[in-house]
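Me: I want to know what stands behind the labels put on this protein. Take me through them one at a time.

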Amino acid sequence: MARFLIRRTLLGLLVVAGVLALTFLIARVVPGDPAASWAGPHASPQQLAKARSALGLDKSAPAQIVDYFSGIVSGDWGTSIHTRRPVLDDLGTRLPPSIQLVVAGLILALVIGIPLGIVSAVWRGRLPDFFGRIVAVAGVSMPVFWLALLLQLLFFQRLHLLPVAGQYDPGLDDTNPLTTITNMTVVDAAITGNFAVLGSALEHLVLPAVVIAAYPAGLVARMVRGSLLETMGETHIRMVRALGFPEWQVYLRFALKPALNPVISILGLVFAYSLTNTFLVEAIFNWPGIGSYAADSVQSLDTPSIVGVALVVALLYVAANFIVDVVQASLDPRIRLR
């Protein structure tokens, strides 16, 4: 197990280093001059030269990469061009709302996808199976922006049931100011007992979380259905049935656990996909997360911020897959030999 963990850790660090170097080089060859964005549109040649020196753009590409890697290790991720604040501080503010949104979406996806897959497997070839497969295919295939706009039109404009943008009602800042601890509105409101903001935050979270959950819910439902049908044909399931166990126990007690292994294996990939998928969702729902921060950084040719976002996403992707690997290795010792 120790060798397995060391091998996975080294591979993860290699992936992060490769993503960082590749993103850094791509950001350097994109047309445009970050120094001009830093100095302003009417900067003199002397001011541009000073800005290039301050940003380290007057050095060679290898020297810039070495400086940046050194800064990453020491905690200096550079200064954002469009916010003029340390990139690490910006990420500490903008990443938690995205994490909150993705976690809520994944929890919703599991709550919907696993029962839907079980129902489809139990009633294979019948109406519930047909309905479940239609829902799963729709969730996987439906464009994110189309689903987001559809939900906004239905629940906000037509039914007036749910808010359309933001994390909570800004009017509550005057009557029930929120104490910021984690920068996750739902978590901070729950910790501090601010139930007015908590209720508003949960209402604002519903629509974007549903949009985030659509793809993973459909994927989980299809995988649970396929895995359950495959597991039900194995020898130990036939033996359990011969012993007289009720059919619901056969499915939920003996077949579901091994059928969930493929779902566990893709959770890391789904987490990374959902995190990058928040870019469009945050733009549509005016959610102040890492997606909108990345969009602003690209528009202003903010190289330190772009590379910082790429690094955070890579780290979260590697961490999620590492956790999945450890869970699978603890459940199935054969995985440790791979």
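Me: Why is Arg-225 called buried?
Reply: This is a predicted model, and in it Arg-225 has a relative accessibility of 17%. Buried means under 20%, so Arg-225 counts as buried.

Me: What makes Arg-225 and Asp-129 a salt bridge?
Reply: The closest N and O atoms of the pair are 2.8 Å apart. The cut-off is within 4 Å, so the pair qualifies. Arg-225 sits in helix 10 and Asp-129 in helix 6, 96 residues apart, and the pair links distant parts of the chain.

Me: Why does the pair Asp-129 and Arg-133 count as a salt bridge?
Reply: Their side chains meet at 3.9 Å, N to O. The limit is within 4 Å, so this pair also gets the label. The two residues are 4 apart in helix 6 (residues 127–141), which means a separation of about one helical turn.

Me: What joins Asp-129, Arg-133 and Arg-225 into one network?
Reply: Salt bridges that share partners do. Asp-129 pairs with Arg-133, and Arg-225 pairs with Asp-129.

Me: Why is Gln-100 called buried?
Reply: Its relative accessible area is 8%. The threshold is under 20%, so Gln-100 is buried. Gln-100 lies in helix 5 (residues 87–122). Beyond four places in sequence, Gln-100 touches residues including Gln-167, Leu-205 and Trp-287.

Me: What about Ala-214: buried or exposed?
Reply: Ala-214 has 15% relative accessibility and therefore counts as buried. Ala-214 is found in helix 10 (residues 195–232). Gly-139 is 75 residues from Ala-214 in sequence, but their C-alpha atoms are 4.6 Å apart. Ala-214 is in contact with Gly-139, Val-140 and Leu-147, leaving aside neighbours within four places.

Me: Where is confidence lowest, and where highest?
Reply: Confidence is lowest in helix 2 (residues 34–39), at a mean pLDDT of 68, and highest in helix 9 (residues 185–192), at 91. The protein averages 81, and 88% of the residues score at least 70.

How values were computed: Residues numbered from 1 in each chain as written. Predicted model: local features only at pLDDT ≥ 70, side-chain atom pairs only at ≥ 80, totals over all residues. Heavy atoms only, no water. pLDDT = per-residue confidence, 0-100. Buried < 20%, exposed > 50% of the residue type's maximum accessible area, 1.4 Å probe, protein only. Contact = heavy atoms within 4.5 Å.
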